[in-house]
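Here is a short report on one predicted model.

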Amino acid sequence: MRSGTFSCAIELVRALGRRVNDALQTLGFASRFFVTILAYSGQSFRRLHLTIREIYFSGFQSLVIILVSGLFIGMVLGMQGYETLQRYGSSEALGVLVALSLTRELGPVVSALLFASRAGSSITAEIGLMKATEQLTAMDMMAVNPIARVVAPRFWGGVVSMPLLAALFSAIGVFGGYLVGVVLIGVDEGAFWSQMQGSVDFHLDIVNGIVKSFVFGVAVSLIAVFEGYDAVPTAEGVSASIKRTVVYSALAILALDLVLTSFMFRGI
Amino acid sequence: MNRKLLDLWVGFFVAVGFAAVLFLALRVGNVSSGNFAETYRLTARFDNIGGLKVRGPVKSAGVVVGRVAEIRFDPQSYEALVTVTIDERYKFPKDTFASILTAGLLGEQYIGLDAGGDDKMLQAGDTFAKTQSAVVLEKLIGQFMFNKASENLESK
């Protein structure tokens, strides 16, 4: 009886150790993969149209979802913000509330989450299917490096698109807040803009937001291409990889956001 | 997809993205506010700065004329050493009075400058001769309660 519990405990510890080891191994593989992408980037930039094509697919084609979500989130912020602020008689601060929450947090984070589910998942699916149908192996056979030809352009396409999409998200969100706050509810237009301009700092708020979205872009793109490249080459394997891309991207974005925020906005 | 069309759409996307950054910088953030082109620095010593913060406004007659650049503690005199940058266009007399005020009841704190009557003007690097510290609400309330208590004792 006693030896039974003992061996059960040993088994539990072993299972934990195996999980940690597997996670560390994957992390190490992903880091080496990241370095490889950077090493082959020069080679892939020589054929720049590959990257431009990926900017089209992950950036331009995400425009609609980013713009529509940004507009709606800005409008909701305008309504909810007004509802709370007018209780304290400071509804003129609505512009500050909308602009600061968008440029600092919502713009980078929500657009990165949307980007991960819209573009990240499709990158994973594409690379995973290429691997499952042995296209990557075929390229290797023809002395075409699959990292330089397939992976690096998708990675850089995501990295370039992400900050632009986040800036668009914030800009259209502020416009949405303006629509609801000023046009619909009737907050004073001059106070709305001037208080906003007085409180939003270019370096502290806007540049930091862009830095955030750049970091999210690197993280999401890396996770997407890595999960595709690492996929088990079967239908179930590709589907599991896509699921992991979305889940890990969301977790990475939110965790990185906490870390970056605590560095950027400490003591303010 | 035609290569030329692809380039066109990507160019459009990048241009719209940069336009958004520009909109954020100019319309939302207003790059020019708080960064006066030409400034000079003055220092002021306060016994207590309350909740004054770096980048807080410096106002004279309610108009923003500068920003708080730096706040330090002077270990020799146990005072707060506040450096402010003032717009080059505005000159203040030597006996200008600098006080820490609060915007509204619970608003942010700022430095208010009351110009004196001296003929000489403050030069870059000078120190304000007369300052008034921030009003600390707790001290005020404590004083009020103390006075009330002593009044009650006297009336008995």
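A pocket is an open set of points on a 1 Å grid over the protein atoms alone, with protein on both sides within 12 Å along at least five of seven lines. A cavity, on that grid, is a set of points where a 1.4 Å probe fits but cannot get out. Lining residues have an atom within 4 Å of a point. Grid points are joined across faces, edges and corners, and a volume is the space filled by probe spheres set on the points.

This is a predicted model: local features need pLDDT of at least 70, side-chain atom pairs count only at pLDDT 80 or more, and totals for chains, interfaces and linings use all residues. Residues are numbered from 1 along each chain as its sequence is written, chains are lettered from A and ligands numbered from 1 in the order in which they are written, and side-chain values use heavy atoms, with hydrogens and water left out.

**Pocket and cavity**

Start with the second largest pocket. Its volume is about 480 Å³. The lining has 17 residues, and A:Thr26, A:Leu27, A:Ala30, A:Phe226 and A:Tyr248 lie nearest the centre. Helices α1 (2–45), α8 and α9 of chain A each give two or more residues to this lining. Helices (H or I, at least four residues) and strands (E, at least two) are DSSP runs, numbered from the N terminus. The largest share, seven residues, comes from α1(A). By class, the lining has eleven nonpolar, two polar and four charged residues. Here Ala, Val, Leu, Ile, Met, Phe, Trp, Tyr, Cys and Pro count as nonpolar, Asp, Glu, Lys and Arg as charged, and the others, Gly among them, as polar.

Rolling a probe the size of a water molecule over the atoms shows where empty space is left. How many cavities of 30 Å³ or more are there? The count is one. About 70 Å³ of space lies in the largest cavity. Its lining includes A:Thr103, A:Pro163, A:Ile206 and B:Leu24. Helices α4 (94–132), α6 (146–185) and α8 of chain A each give two or more residues to that lining. The lining residues divide into seven nonpolar, four polar and no charged.

**Salt bridges**

A salt bridge is a side-chain nitrogen of Lys or Arg within 4 Å of a carboxyl oxygen of Asp or Glu. Over all chains, the structure holds 15 of them. Three pairs are listed here.

| Pair | Closest N to O distance |
|---|---|
| A:Arg87 and A:Glu83 | 3.7 Å |
| A:Lys212 and A:Asp257 | 3.0 Å |

The A:Lys212 and A:Asp257 pair links distant parts of the chain. A:Lys212 is in helix α8 (residues 202–229) and A:Asp257 in helix α9 (residues 235–264), 45 residues apart. Are these two buried or exposed? Both A:Lys212 and A:Asp257 are buried. Buried means under 20% relative accessible area, exposed over 50%, partly exposed in between (1.4 Å probe, protein chains only).

The other pairs are set differently. A:Arg87 is exposed at 58% relative accessible area, while A:Glu83 is partly exposed at 38%. In chain B, B:Glu70 is partly exposed at 31%, and B:Arg72 is partly exposed at 44%. A:Glu54, A:Glu126 and A:Arg154 are linked in a network of salt bridges.

**Domains of chain B**

The domain assignment gives chain B domain 1 (1–31) and domain 2 (39–141). Such bounds come from an automatic or database domain assignment. The C-alpha centres of the two domains lie 43 Å apart.

**Single residues**

A:Ser221 sits in helix α8 of chain A. This serine is buried, because its relative accessible area is 2%. Which residues does A:Ser221 contact, leaving aside neighbours within four places in sequence? They are A:Phe115, A:Phe155, A:Gly158 and A:Val159. Contact means heavy atoms within 4.5 Å.

Next, the backbone. Most residues other than glycine have a negative phi. A:Glu134 has a positive phi, near 60°. A:Glu134 lies in the loop between α4 and α5 (135–141) of chain A, and counts as exposed at 54% relative accessibility. A:Ala143 also has a positive phi, near 65°. A:Ala143 is found in the loop between α5 and α6 of chain A, and is exposed, with a relative accessible area of 72%.
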